[in-house]
Amino acid sequence: MTIAIDVHLPADQAAAMEQDVRRGLAATPKELSPKYFYDERGSRLFEDITELEEYYPTRRERQILEERSAEIVAAAGNPATLIELGSGSASKTRHLLDAMRDAGSLRTYVPVDSSEEITRETASALVEEYPGLDVHGLVCDFEAHLERTPTTSEAGPRLIAFLGGTIGNLYPDERAAFLCRIASLLDVDDHLLLGTDLVKDVGRLELAYDDPAGVTAEFNKNVLNVLNRELSGDFDLDAFAHVARFDLEHEWIDIGLHSLVDQDVHLGALDLTTRFAAGEMMRTEISTKFTRPRLEESYAGTGLSMAHWFTDPAEDYALSLARLA
């Protein structure tokens, strides 16, 4: 049993945020990275969202893991190492770890997350829960530092898990590039386990991202609190409205903040004033929905191919196993 935590966060995270926000506000349409949702308050609000009746993805993904992790692990060749991108507290991942332990293959868990505190807490908890487990945590922005994940395992095959439907937050070209990078990390016996939400009734999709209680709206608008605090901004949250609409052409939920009035917003840390017209939308996130053929197309040309497909009984959500093509 060992714990090792490597930290690869940039020394000046504020400068990286300033660059992201300056670039996003200069874009057409204006856009903010969803990574800035997750300050302490934003993380709490997202946990509240996952408990909403309207927000089904977390429940459906957990259901698949609860009911089919043994199948998934067997189909992945009984991996010895589980690498999880965006691991958090590893609450859902324990089903995979249980299945690997029961198969007698579990050796190493590699949580990859941007929070050092959560990664250390998770590592300490898991070595107690799984005697003999080695945990090698990576604290980083996994999109920027993906190649820092272990590239080989003498103990046996590896499984890279990218859950939560996060792949849907990437634009198609970004998604393809990311999957190419995943492919470059895999050996012939390794697999990627990818979580994806599926196309369904538009009304149900939009309700999941615009709940009647307003929790999702509060979560979305909280990104303005983050900019006000971190960049000395003067965003008036009451001057923006949360909007979530399904784009039929791209098959994604388009999430943003609509300016209710003509207004100027100043960010002191950037020495930048940005004009918002009444009705103008600033995009804060996309959430792509997939069909099986579309996901197979997404894998095509990246060096990966789909090997197995697992859904919940209602076919709301899917976990797919991919390997080198």
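Of the contacts in the protein with a separation of 6 or more, 72% are made by residues 24 or more positions apart, where contact means heavy atoms within 4.5 Å. The structure is a predicted model, in which local features need pLDDT of at least 70 and side-chain atom pairs count only at pLDDT 80 or more, while totals for chains, interfaces and linings use all residues. Residues are numbered from 1 along each chain as its sequence is written, and side-chain values use heavy atoms, with hydrogens and water left out.

**Overall form**

The secondary structure comes to nine helices and 13 strands, both taken as DSSP runs numbered from the N terminus (helices: H or I, at least four residues; strands: E, at least two). The radius of gyration of the protein, 20 Å, is close to the 20 Å that the globule rule gives for 325 residues, so the protein is as compact as a globular protein of that length; this radius is taken over C-alpha atoms, and the rule is 2.2 Å times the number of residues to the power 0.38. Along the principal axes, the C-alpha atoms fill a box of roughly 60 × 45 × 35 Å. Buried residues make up 50% of the 325 residues, with buried meaning under 20% relative accessible area, exposed over 50%, and partly exposed in between (1.4 Å probe, protein chains only). The protein exposes about 14,200 Å², of which carbon and sulfur atoms supply 48%, the areas coming from the Shrake-Rupley method with a 1.4 Å probe.

**A three-stranded sheet**

Three strands form an open sheet in the order β7-β8-β11, with antiparallel pairing; two strands pair if DSSP finds at least two bridges between them. Its edge strands, β7 (240–247) and β11 (281–288), each pair on one side only. Eight bridges join β7 to β8 (residues 252–259), and in this pairing the bridge partner of arginine 245 is aspartate 254 in β8.

**Cysteines**

A disulfide is a covalent bond between the sulfur atoms of two cysteines. Under the criterion used here, a pair of cysteine sulfur atoms within 2.5 Å, the count comes to zero disulfides. The sulfur of cysteine 140 is too far for a bond, because the closest cysteine sulfur, in cysteine 180, is 20 Å away. Cysteine 180 is likewise in no disulfide. The two residues are set out below with their accessibility.

| Residue | Relative accessibility | Class |
|---|---|---|
| Cysteine 140 | 1% | buried |
| Cysteine 180 | 33% | partly exposed |
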